[in-house]
Amino acid sequence: MEKHIRGCHCPPAGPRAPWPPPRVPFSPRGRLGLSWRHRPLPPVPQLRYGAYLTSATAADRKEDATKHAFKNILASLPKPGGGEYGKFYSLPALNDPRIDKLPYSIRILLESAIRNCDNLQVTKNDVEKIIDWENTSPKLAEIPFKPARCILMDNTGVPAVVDLAAMRDMMAKLGCDPYKINPLIPVDAVIDHAVRVDVARSHDALDKNMELEFDRNKERFGFLKWASTAFHNMQVFPPGSGTVHQVNLEYLARVVFNKDGIMYFDSVVGTDSHTTMINGLGVAGWGVGGIEAVVAMLGQPMGMVLPGVVGFKLTGKLRDGVTATDLVLTMTQMLRKHGAVGKFVEFYGVGVGELSLPARATIANMSPEYGATMGFFPVDHVTLDYLKLTGRSDETVSMIEAYLRANKMFVERHEPHTERVYSSYLELDLNEVEPCVSGPKRPHDRVPLKEMKSDWHACLDNDVGFKGFAVPKELQDKVVKFDFHGQPAEIKHGSVVLAAICSSTNTSNPSVMVGAGLVAKKASELGLEVKPWVKTSLTPGSVVAREYLKHSHLQDYLNQQGFHLAAFGCATCVGNSGNLDESVSAAITENDIVAAAVLSANRNFEGRVHPLTRANYLASPPLVVAYALAGTVDIDFEKEPIGVGKGGKEVYFRDIWPTTEEIEQVVKSSVQPYMFTQTYESIMKCNQRWNELTVPEAALFPWDPSSTYIRNPPYFEGMAMSPPGPPTVKDAYCLLNLGDSITTDHISYSGSIPEDSPAAKYLCACGVDRKNFSSYGGRRGNNEVVMRGAFANMRIINKLMDGKAGPWTVHVPTGEKLYAFDAAMKYKSEGDDTIIIAGAEYGSGSSRDSAAKGPMLLGVKAVIAKSFERIHRSNLVGMGIIPLCFKAGEDADSLGLNGHERYTIHLPTSINEIHPGQDVTVTTDNGKSFTCTLRLDTELELAYFNHGGILPYIIRNLAGPRI
């Protein structure tokens, strides 16, 4: 019987969707000549990575780069029936016993270095460092890495493409060939962060939210569509396609590339920190800032420290009723405690074979939450089965398996194999994992479900902090009654006002999605119903979820509980949760209620999910439904009923919780390959709003000076061809004095723009109606909004404000209390430098480069912190901001710094006198002196620093003679 994807009015599907995804040709007649796309691209200049290498590397460069150093290990991979799949660089042919003990994840770096070894950008010395990983990794050896492809999501992708467009303009202004600014590797952008849950609990929520999404974002969508025609190698997936990670997992990932007869490992960097989700498929990938993504797109090597690898051994099997979400929250807590920041985590052991591919993807997705660069699962038969399920052809899967076996990268779980060497080890018996949630403010604060009630009451008692709200005892049981559209309603501390099944982390996994549907089904059949004032929503990361939930009839039961489809993309999980009902909002704000949100996402930092939900708990999709039904997090599911059902009978958690067998039966019967193939055939064809969007046919973007969404950024204004050298920071004021765990949500807020904020005043001055303000995230293509959105989070706590939360600071010379933006502009107008003081884990969270661009535009010259999150530190370097770390055991408080001092950073003025990780003295105007560690970690970062950032570095190297 012919099967059709619901909601698409295209002709019946033909053959399966092409894979790898095709690139759509386009030949615009732009301002720089006719049919420029058909011009041959100019030779790629080799950026001077080698200019800052050791003398040993410089000697290697004398060899003829046109003669591949490892051509002797280029082997043929035969097809079983004759002929060959292609040629590949054979790791076994090196006959080096050290390779057999390397972690699988490190071998991918090795193959990339061998294949790209030209003794210019990548040298034989780099290859040797990777082979000798066991000895070089502890020494923090630096290597170059060239990923095979790049993915973008719109909130961070738009600024990255703005940078590319601005770089093209700058090249043209310098009289150079602007076509040198063009992606040399496949780039896929997925528009998934723009949608908001404005409409919920309605059968037309999906269509109405998409309509509003287009109305708000038409200009930025048009910009991305222009980019897909103006740049070679760039493809854009329209709104409603799902999340970038899900599209990557189900459709884009190759696992093995076969290009021009050469086969090699798939690898990817993306402008979202959860790019790591693809590690579950055996693909190396991680998140980077947009400016690093630009470097990768342009075919240049990314400098990285050769990471340590945590070997995480899994044994046993998950117990009945325990979900992959429970497992990943348990692992997150374990790895945070163990220490995985900046490292790869590689999973091995017989327990891995007991995990489905979606469960592995769930674990890999949360790598940023446990601090790792990757959470890697090598390829095995489970991987191959998933590739077939999602529509990859049998021939493609056979080619992938043959290549991996030939390079000794395929894992047989139940066969003996050479023991890998890891930097450190962890072990978990899956049988010991128990149901849990995480919160109320951080993803690694795991709470076993059986302890949730007692933990909640402890949070009410505790001082304000990650596990505390400081609610007086006499107010903890306060009940607020209000009118909800004509019916009586009530809330109290811990009441669930927002329940969202969302995020790629969990909605990628049919098992937990089906589990949520079964909870809704059982609850409906027993007569339970979610209270109408709880805002419920379902925003899957995959369009395929709609098909199997419909096929299994579980969507009907989810609808009965208010979990109607509201979007395909990142909504509540990134703060696009939309408004609560006015009556609910008033009840919370007027009575200072600590309201709760429960969501199946990967992050729950305060202020991220919704401004009015101070308590935010991460949970599996079935638990989201259970808590929505209970209406509170203040409940012991083992002892207290969730509610009263038919006939006045009390209904308990155990009555509605499905067994693993029940879930598996539905998944097996309802998740079918045709759902994947037809979904991706229709995505590009059937989005009418996208197809009707017209864009200019120009190679240089025609900037609109009146635009409030897309503006030509000021990063290259006044740029000379000679690098400016290291900046000086003398007598700088402290703009903000911050504590631990300041996230990129605090630094560069994504949510709605408040009406009295500096960004709102700017938009009003530009004639934008308040109802069209959209969000900070949606306007990141406009540097004016980026700088006004810096430190604009209502939950950020600045010590200069004596504990008051919000986007304000003190202008130290006058003592005025101002918005951080206004204070920064005042400092700039007076000619004063500024710095930021912070605690541990500064910049944790999303990989948004606006969290570095915003402070740079405010005039911030340096950040002094106890520690940095990996991606954010790189972004600071990329924008020319100096990252400094207090010495171990020291921080601002221990040194007696209160932020009212003036700071001078004693850094050499010549780049030749600076080296990675050196000590730097900082002095203050009141006689204090302390030593910090300079967190420029590689020689390549020193080069960026000397040029004032990554983008000027690239421009100078592409535009002029070697510097």
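Predicted model: local features only at pLDDT ≥ 70, side-chain atom pairs only at ≥ 80, totals over all residues.
Residues are numbered from 1 along each chain as its sequence is written, and side-chain values use heavy atoms, with hydrogens and water left out.

**Pocket and cavity**

So what are we looking for here? Rolling a probe the size of a water molecule over the atoms shows where empty space is left. On a 1 Å grid over the protein atoms alone, a cavity is a set of points where a 1.4 Å probe fits but cannot get out, and a pocket is an open set with protein on both sides within 12 Å along at least five of seven lines; lining residues have an atom within 4 Å of a point. Grid points are joined across faces, edges and corners, and a volume is the space filled by probe spheres set on the points.

The whole structure holds eleven cavities of 30 Å³ or more.

| Space | Volume | Nearest the centre |
|---|---|---|
| Largest pocket | about 1100 Å³ | L355, S356, N509, S511 and E664 |
| Largest cavity | about 190 Å³ | H193, D272, H274, V574 and R608 |

The pocket has 43 lining residues, and the cavity has 22. The lining of the largest cavity splits into four nonpolar, 13 polar and five charged residues.

**A helix at the pocket**

Several helices, including α8 (244-252), α16 (510-526) and α17, each give at least two residues to the pocket lining. Helices (H or I, at least four residues) and strands (E, at least two) are DSSP runs, numbered from the N terminus. Is α17 (residues 544-551) mostly covered or mostly open? Mostly covered: six of its eight residues are buried, meaning under 20% relative accessible area with a 1.4 Å probe and protein chains only. Those six are V544, A545, R546, E547, Y548 and L549. After α17 comes H553, with a positive phi near 65 degrees.

**Strands side by side**

Two strands pair if DSSP finds at least two bridges between them. Strand β8 (residues 262-265) has two partners to look at. With β2 (residues 84-89), β8 runs parallel over two bridges, and F88 faces M263. With β7 (residues 256-259), β8 runs antiparallel over four bridges, and F257 sits opposite Y264. β7 and β8 make a hairpin with two residues between them, and D260 in the turn has a positive phi of about 55 degrees.

**Packed insides**

A nonpolar core is a set of buried Ala, Val, Leu, Ile, Met, Phe, Trp, Tyr and Cys residues joined through side-chain atoms within 4.5 Å. The largest one has 161 residues, and L109, W286, L404, F791 and Y842 touch the most other members. Helix α6 (residues 154-173) gives this core its largest share, ten residues. A second, separate core has 114 residues, including V310, F377, L518 and I588.

What about cysteines? C117 counts as buried because its relative accessibility is 4%, and C176 is buried too, at 18% relative accessible area. The search for disulfides, pairs of cysteine sulfur atoms within 2.5 Å, finds zero in the whole structure.

Methods: Buried < 20%, exposed > 50% of the residue type's maximum accessible area, 1.4 Å probe, protein only. Nonpolar A, V, L, I, M, F, W, Y, C, P; charged D, E, K, R; others polar.
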